[in-house]
Each structure stands twice: as structure tokens, then as C-alpha cells.
Amino acid sequence: MAAVSACFFTVTSTKTQSILFCRKPSSFILKYSRVHSFHCSKNLYTRRRSSAHLVRSSLDVGVGVRAESDKLPSDVRKRAMDAVDALGRRVTVGDLASKAGLQLTEAQKALQALATDTNGFLEVSDEGDVLYVFPKDYRSNLMAKSFRMKIEPLLEKAKLAGEYLVRVSFGTTLIASIVIVYTTIIAILSSRSEEDNRGRRGRSYDNGFTFYFSPTDLFWYWDPYYYRRRRVHKESGGMNFIESVFSFVFGDGDPNQEIEEERWKLVGQYISSNGGVVAAEELAPFLDVDIPNKTDDESYVLPVLLRFDGQPEVDEEGYILYRFPSLQRTAAPQRSGRKEYVGKRWTDWVGQVERFLQEKKWQFSKTSSSERALVIGLGGLNFFGVIILGTMLKNMTVSPSNFISFVSEIFPLLQIYAGSFFTIPLIRWFLVRKRNGEIERRNRAREQYARALERPDLSLQRKLLSARDMAQRAFIGQDRIVYSTDKDLYEQDYDAQKWKQKFREIEKSE
């Protein structure tokens, strides 16, 4: 069982930081940072050995208490858990932030909540680095405690069903509108003909025609395998008629919906893989920067500094570089050295990180030309019929039947639908062209920055080499762990003299 010992640690650091473990179950306060030393009271240690059952304070959430993970945004929790799995369930805050593209504060809160809810535990290194370790079954533990995670699949299914109903409703409305419009035109023509033949004693048309529509008829279109077929259609490049109607009018959504998440993942992974020190030119291929020019404005780096707690530094040659201390401490095994730059192409040097962030262009519609022609043809048929029906309703001289009276009342809705069927796509067409122009400009700028890194001039080459020389990436292995909340304090029987000697060595190295 994961536990946090009821022991108070006093922290001495060159930076304002502290770690506090409270005796109260399921609660600990952790101000993220690198801690340079900590001291534990020997008297408290002795008392704890005599009462072992009081040493552990479980991180388990009490019965009826809301899980801490439920307080996190869903996307933050999912990204954090995916990153924890990818990193081997033993991570630092910097590891999670760089892998998931989260802010350091978001990563810290996510790790604390997950550790609290899943029987995770903390490890402290000899330099005060805090690591979060999770058991293999931490997902099942979290699922058992989190009410939000239990209902999220149901809410997702309801959302997908609602989206499908909207698509079905809009597609069936086109068919229903065409049927209603042309049925009414035929009814009006028939009424006029009967009025001419029978005179004043002619019977009304409603004796010979009955219109019936039930809302349950919409369920004829329900397809429980819609999303499975939709994926198949996407792979084959086609879609059904209902999808074609909705796609033509409203489009297929934002192709860059997750672009910000992807951006910060790339930035975080690039910084951490290069030892936590980079030049501004290295970050430009992932950011929204204007076309490269000769100015020295590096203000576009500010969002990166704020997100990953970076700071500018000036090297011996006067170049401004950016250091990210939180991304220089890792629990993941280190890769091979990356300080050599001369003679290597930047595309090979960056490893698995993409050369630059590339946004996808918007598509007006993913429908094929034949599908689009069918949709436009039916929309035009409906629009033409609404115009004719409007003229006929204005010039009616016979007494309208119940059906015609009903159509007359909903006719404004039919007009709005017929008009918006082409007005909305026309407006979208102009907006798509404008957006694609902006996307192309941003992609071109990022690509130019990436090409500049592939073949840097002498000044940029020296700047990049200086950044590699200043890079530091420390791996925190099990041999450097001096305290773990997974064990009781009395089990971690460290000799006081060894502790003092170890702290002296740390202080001398600083």
C-alpha cells in the first residue's frame, strides 16, 4: 500500500522551495523544485520506530470522498496518464510536462491527484528531486475510485449519438422538404382542377389525400454502426448521402482541433531531448512566427518560457540562450550524447521530433464530386420548388385544405432551410479560403526556420554549439533515491553520520 510517512522535512535550498508531508491521510503539500538538502528529526525517527502502525498515512481516498483526479480537466488527466504509461510509470514533473505538453503547474497537480487516487508513492533523490511512481494497476485503481471516469464513456456515447442525430435530422430535412414542397404543389394544382370541374359544390382535396408523419419515422435512419462505417468510408474516400448533405453545408470540422496539444508536445520533447538548453531559432519551427527576418526580436519565446518555467541566459560569446531547469531532471534513461552538430543535418540531429509544426488546411467538404453534385442537385430542386410554392400560395383562389394550411404555416421555415442550404456553404467557402491562406503563410514561415537550422550560417552554428555545451540532463536512477514514501521511515535505517557526510559532499559540489 502506498503511504506517506508522517514525518516533517525541513528543506534548505538556494531557491525558495519546500517539501512537506503531512500526517493527515490523503494530503500532502508539494512545492515543485529542486531541493538541495533536507534534514529529518532524529527524535521523531526514534518515536516512529516504536510505533510502526502510526508511520504510514495512506494516500487512499476515503469512502464517499470525491477522487482528486475528478477535479482535473478530462484532457489534462488523459494526457497525463498516457504520458505516465509512455514513461514507464516513474516520472518527474518535468518528464510529464515535456511528454504531455502540459504546463508545469498542470503536470504537478495531475501527478499529485493521480498518486493520491491510485496508491502511487513518491521518491526523493539525494539532490532533492521528487519522483512519482505508479503501480502497474494504477488505471484500474483510479477507475474504481473515480465516478467521473465511470460516466465519461456513457457521456461520450451520448455525445456521439447526439451528433449523429443532428446529421440525420439535417439530411432527412432535405428529403422531407422536397416531399412536402412538391406534394403541396401537386395538391394545389389538383384543387384548382377540381374547383374548375365541380364549381362551388366541389369537394375539398383533403377527402382524397391524407398526410401523415410521425417523429418515430426518423429512427428508420438510425444506424448503430454509423461510426464504424464512417471510418471505413474515410479510408475508402467516400461517405453516405446523409453525411454528404451535412458535410456540404457545414463542413467536416476543424482539422487542427488538437494543434495546440501537438505543438506543446513537440516543444517540450525537443527541449528535454536537447538537455534543457535551446536557442530561440530552434523553437521557431514549432511556434507561430512571422517570416524570418534580420531583426533580433525573440519575444515569440515568452509563451514557452512561461509554460515550462524557462529563463534566458547569456553565454560567453554574448548569445542569448534559454535554459529550462525542470526539463533537465529526468527519471527516463538518457539517450546518447547530442552535443556534436557540425557535419550533421538538422533533420537527422533532432531524432524522433518533427522538423516543424505543420497545420492542415481546411477542406470545404470531404465529399466526392459525384456526391457533391447529387447534394447540390437536390438542394437546387428544393430551392426551385420553394420559389414556385411561394408564388402559388400567394395566388391561391380556392379554399385551402388542412394539409395546405399546415404547409402555409411552416412555409417560412421551408424558405429559411432552402436559403441557408446554399448561403451557409457560400460564406464557408470564403472563410475557408481566408483560413487556408493564413495557414499556408504560417507553415511557410516555420519551414523556412527549419531550413535555416538544416544549413545554419556561422553565427547560428556557433550559437547552437554553445547551447549543446550548456546542456545538462541528469538521470535519476534507483541508486540515487534516499527516501521513499513506499516504505516506513524506520525501514529506511540510514546512519546519521552517512547522512551528514552525503550532505557535506552535496554542499561542496555546489
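Let me start with a hairpin: β8 and β9 form it, with four residues between them, and G128 in the turn has a positive phi of about 90°. Strands here are DSSP runs of E, at least two residues long, and helices are runs of H or I, at least four long, each numbered from the N terminus.

A word on the source. This is a predicted model, where local features need pLDDT of at least 70 and side-chain atom pairs count only at pLDDT 80 or more, while totals for chains, interfaces and linings use all residues. Residues are numbered from 1 along each chain as its sequence is written, and side-chain values use heavy atoms, with hydrogens and water left out.

Now the overall picture. The protein chain has 16 helices and 15 strands. Of its 510 residues, 45% count as buried. Buried means under 20% relative accessible area; exposed is over 50%, and partly exposed lies in between, using a 1.4 Å probe and protein chains only. Take contacts between residues at least 6 apart in sequence: 77% of them join residues at least 24 apart. Contact means heavy atoms within 4.5 Å.

Two strands pair if DSSP finds at least two bridges between them. In general, strands of a sheet pair through backbone hydrogen bonds, either parallel or antiparallel.

Look at β8 closely. With β9 (residues 130-133), β8 pairs in the antiparallel sense over four bridges. V124 stands opposite V130 in β9. F121 has V133 of β9 as its bridge partner. With β15 (residues 481-484), β8 pairs antiparallel over three bridges. There, V124 stands opposite Y483.

Is β8 buried or exposed? Five of the five residues of β8 (residues 121-125) are buried, so the strand is largely enclosed by the rest of the structure. In a regular strand the side chains alternate between the two faces of the sheet. Both faces of β8 are covered: F121, E123 and S125 are buried on one side, L122 and V124 on the other.

One arginine belongs in this story. R480 sits in the loop between β14 (474-475) and β15. R480 counts as buried, because its relative accessibility is 17%. What does R480 touch, leaving out residues up to four places away in sequence? The list is V124, S125, D126, E127, R329, A474 and F475.

Next, helix α3. Seven of the eight residues of α3 (residues 93-100) are buried, so α3 is largely enclosed by the rest of the structure. The buried ones are V93, G94, D95, L96, A97, S98 and A100. Just after α3, G101 takes a positive phi of about 75°.

What does α3 pack on? The axes of α3 and α9 (residues 259-273) come within 6 Å and cross at roughly 130°. Axes are lines fitted to C-alpha atoms, for helices over the stretch in contact, and angles run from 0 to 180 degrees between N-to-C directions. α3 and α9 are therefore oblique to each other. For angles, under 35 degrees is roughly parallel, over 145 roughly antiparallel, 65 to 115 roughly perpendicular, and the rest oblique.

S98, K99 and A100 of α3 meet W264, K265, G268, Q269 and S272 of α9. By class, that contact of α3 with α9 has two nonpolar, four polar and two charged residues. Ala, Val, Leu, Ile, Met, Phe, Trp, Tyr, Cys and Pro count as nonpolar; Asp, Glu, Lys and Arg as charged; the others, Gly among them, as polar.

Another helix pair. α13 (residues 369-394) and α14 (residues 402-454) pack at about 140°, with axes 10 Å apart. That makes α13 oblique to α14. Residues in the contact include V375, F383 and L393 in α13, and I404, F411 and F422 in α14. The contact of α13 with α14 divides into 14 nonpolar, seven polar and no charged residues.

Last, a second sheet. This open sheet has three strands in the order β10-β12-β11, with antiparallel pairing. The edge strands are β10 (277-278) and β11 (311-314), each pairing on one side only. β10 and β12 (residues 320-323) pair over two bridges. Helix α15 (residues 458-470) lies across β10, β11 and β12, running at about 35° to β12.
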